[in-house]
Amino acid sequence: MTTSSGTSPLLGDPRQVLLELAGRHHLPDLLPLAVRRLAEGPTVALVRIWLLQPPFAGDCAKCRLAGECDSREQCLHLVASAGKSLAAPGMAWDQLNGGYRRFPIGIRKVGHIARTGQSLEVPDLQQDQTWVASPQWVRDERITSFAGHPLVHRGEVLGVMGLFAREQPGPACFEWLRMIADHLAAAIANARALEEIESLKKRLEQENAYLREEVQQGASYGELVGQSPALQAVARQIDLVAPTDSSVLILGESGTGKELVARELHRRSQRADRPFIKVNCAAVPRELYESEFFGHAKGSFTGALRDRAGRFELADGGTLFLDEVGEIPLDLQAKLLRVLQEGELERVGDERTRRVDVRVISATNRKLRDESEAGRFRQDLYYRLSVFPIELPPLRNRVEDIPLLAEQFLERLTRKLGRRRPRLTLANVQQLQTYHWPGNVRELQHVLERASIGATDGRLRLELPSDPTQRPAANTAADGSERILTAAELREFEANNLRAALRATAGRIYGPDGAAERLGMKPTTLASRIKALGISGHSS
């Protein structure tokens with residue numbers, strides 16, 4: 001029954017309960033408050049709320065009702081409980097780890113309410129034992145009735161609220177409970193929506209921070225440039241694998257453009273409108289690997305001042321690029337493998353399992369197969385990462401692309417330095433193409449940047465280190481062994497080389513395509529060498 005003032009002998013003042021709940025917008029505050037207020041009624045024994053959620057990892061094995069469960073995708077989780085015991089005075093029923101903390105959908109009275117979406121009232125549990133799971137508990141605690149309502153929002157059952165009382169509720173109380181249950185359902189939906197908005201906001205902030213960092217660092221080089229057969233073979237491989245979700249392992253020497261290929265794979269994939277997140281595995285401190293990859297909860301370790309999403313979560317729906325993947329410590333590779341296989345992870349210090357949908361592209365300059373066979377890299381992880389390997393050719397194997405790359409770099413450097421673009425001459429190209437390039441494209445970029453800084457007069461003077469792989473044929477003896485030149489022979493060799501350059505330029509040292517430019521020397525330096533070697537018959 002309910003009085004004219006809106007109070008109820010069983011529930012106290014349900015209007016006041018509704019007013020208090022209206023001011024709460026977060027589930028950790030809302031649900032415990034609801035059951036505490038309802039349990040304050042003098043004859044209320046126990047109030048509980050269960051919500052429909054996927055089971056936690058390993059939870060089904062510990063569930064006492066697992067044998068009656070026909071689906072492991074979703075069940076009722078106890079999220080709030082309040083009440084007081086008569087059989088054990090002073091005992092509060094506010095724990096969430098009891099035997100009935102989980103209910104499969106459709107099992108017992110609580111599961112029945114969730115499946116049907118219909119309220120259930122059992123006015124006399126002593127007479128109707130159909131829905132009683134523990135008759136002894138009902139007798140000891142003098143429970144006489146049960147009222148259960150589904151928490152339904154826009155036609156979707158979110159959970160169940162159940163109340164055990166030591167007197168029969170009556171029609172008015174039952175209706176008040178239904179009203180409170182409907183209010184709770186709407187409040188739960190709103191709280192979840194707010195949580196999702198907050199989560200998306202934090203994720204957007206993290207992605208923006210990451211993208212700002214990427215923009216500041218900049219890509220090593222813009223886009224795939226070149227027409228050599230070696231690069232065309234790589235392009236064909238990209239075309240084949242980019243539209244799939246297969247893992248790709250990019251192999252190649254340092255500076256060959258592995259990150260560039262990874263970005264091209266993402267750009268041509270169906271995930272192109274989702275994030276591309278990069279992790280340099282060689283730059284992550286060992287103790288922070290788990291936090292970097294999987295995230296952490298606030299307070300999980302010293303310095304964890306807030307919840308933080310890991311790189312896998314940031315890349316959800318998109319692509320995660322693991323650069324220098326061979327640097328991941330062996331003992332942490334098993335955790336990485338589990339995420340790749342199961343698509344699930346837990347943040348450090350957090351028991352909640354999160355699902356992620358990520359395509360992984362990895363890169364290394366190591367011979368990863370040899371590393372795995374030697375036991376320095378997990379074989380199962382190697383096979384998981386290398387579903388489709390792409391090996392990038394070094395720059396010395398695609399010298400045809402050097403002029404195109406050089407032109408592109410000079411164009412970009414001109415904008416960066418704010419200067420007139422220097423001219424790339426045939427002599428410059430020949431000098432670039434005869435160098436071995438141990439640092440590959442990255443070294444080419446740095447050489448051109450250094451030359452551009454010094455090209456105040458618009459002329460490129462390339463400074464390349466001496467290359468031990470490029471030696472004159474005169475240094476090789478007839479038996480194939482190296483022959484050491486004498487000082488006189490070296491002097492004669494240099495003089496002949498300078499004479500050849502002077503003949504090719506009609507004796508002109510200075511100016512565009514002059515002998516100095518062809519030799520990659522300063523004109524004043526060349527003039528000094530000509531004088532020192534006694535070479536005659538030249539002009540400026």
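The legends below walk through several close-up views of this predicted model.

Residue numbers start at 1 along each chain as its sequence is written. Because this is a predicted model, local features need pLDDT of at least 70 and side-chain atom pairs count only at pLDDT 80 or more, while totals for chains, interfaces and linings use all residues; side-chain values use heavy atoms, with hydrogens and water left out.

**View 1. The whole chain, to get your bearings.**
The chain has 19 helices and 15 strands. These elements are DSSP runs numbered from the N terminus, with helices being H or I over at least four residues and strands being E over at least two. Of the 540 residues in the chain, 44% are buried. Here buried means under 20% relative accessible area, exposed means over 50%, and partly exposed lies in between, using a 1.4 Å probe on protein chains only. Contacts are heavy atoms within 4.5 Å. Among the contacts in the chain with a separation of 6 or more, 69% join residues 24 or more positions apart.

**View 2. The largest nonpolar core.**
A nonpolar core is a set of buried Ala, Val, Leu, Ile, Met, Phe, Trp, Tyr and Cys residues joined through side-chain atoms within 4.5 Å. The largest one holds 34 residues, and Leu-31, Ile-49, Leu-151 and Leu-184 touch the most other members. At least two residues each come from α1 (14–22), α2 (27–39), β1 (44–53), β2 (75–83), β5 (145–153), β6 (156–165) and α6 (171–217). The biggest contribution is that of α6, with 11 residues. Take Leu-31 as a way in: leaving aside neighbours within four places in sequence, Leu-31 is in contact with Ile-49, Leu-51, Val-79, Ala-80, Leu-184 and Ile-188. Apart from this core lies another, of 30 residues, among them Val-284, Leu-336, Leu-345 and Val-358. As a general point, nonpolar side chains in soluble globular proteins tend to be buried together.

The space in the largest pocket comes to about 2,000 Å³. For the method-minded, the search runs on a 1 Å grid over the protein atoms alone, and a pocket is an open set of points where a 1.4 Å probe fits, with protein on both sides within 12 Å along at least five of seven lines; lining residues have an atom within 4 Å of a point. Grid points are joined across faces, edges and corners, and the volume is the space filled by probe spheres set on the points. Of the 49 lining residues, Gln-53, Glu-195, Arg-352, Thr-353 and Arg-354 are the closest to the pocket's centre. Two or more lining residues come from each of α2, β1, β2, α6, β10 (308–309), α10 (311–314) and β13 (353–355). Here α6 gives the most, with 9 residues. By class, the lining has 20 nonpolar, 7 polar and 22 charged residues. In that count Ala, Val, Leu, Ile, Met, Phe, Trp, Tyr, Cys and Pro are nonpolar, Asp, Glu, Lys and Arg are charged, and the others, Gly among them, are polar.

**View 3. Two loop residues with positive phi.**
Arg-154 sits in the loop between β5 and β6. Although Arg-154 is not a glycine, its phi is positive, at about 50 degrees. Arg-154 counts as exposed because its relative accessible area is 79%. Trp-437, in the loop between α15 (426–434) and α16 (440–454), has a positive phi near 55 degrees and is likewise a residue other than glycine. At 0% relative accessibility, Trp-437 counts as buried.

**View 4. The end of helix α14.**
Leu-417 belongs to helix α14 (residues 402–417). With 29% relative accessibility, Leu-417 is partly exposed. Leu-417 touches Ser-452 and Ile-453, not counting residues up to four places away in sequence. Ile-453 is 36 residues from Leu-417 in sequence, with 7.6 Å between their C-alpha atoms.

Val-387 lies in the loop between α13 (379–385) and β15 (388–391). Residues up to four places away aside, Val-387 touches Ser-246 and Ser-247. Val-248 is 139 residues from Val-387 in sequence, yet their C-alpha atoms are 6.1 Å apart.

**View 5. Two cysteines.**
The structure holds 0 disulfides, a disulfide being a pair of cysteine sulfur atoms within 2.5 Å. Cys-75 counts as buried at 10% relative accessibility, and Cys-173 is buried at 0%.
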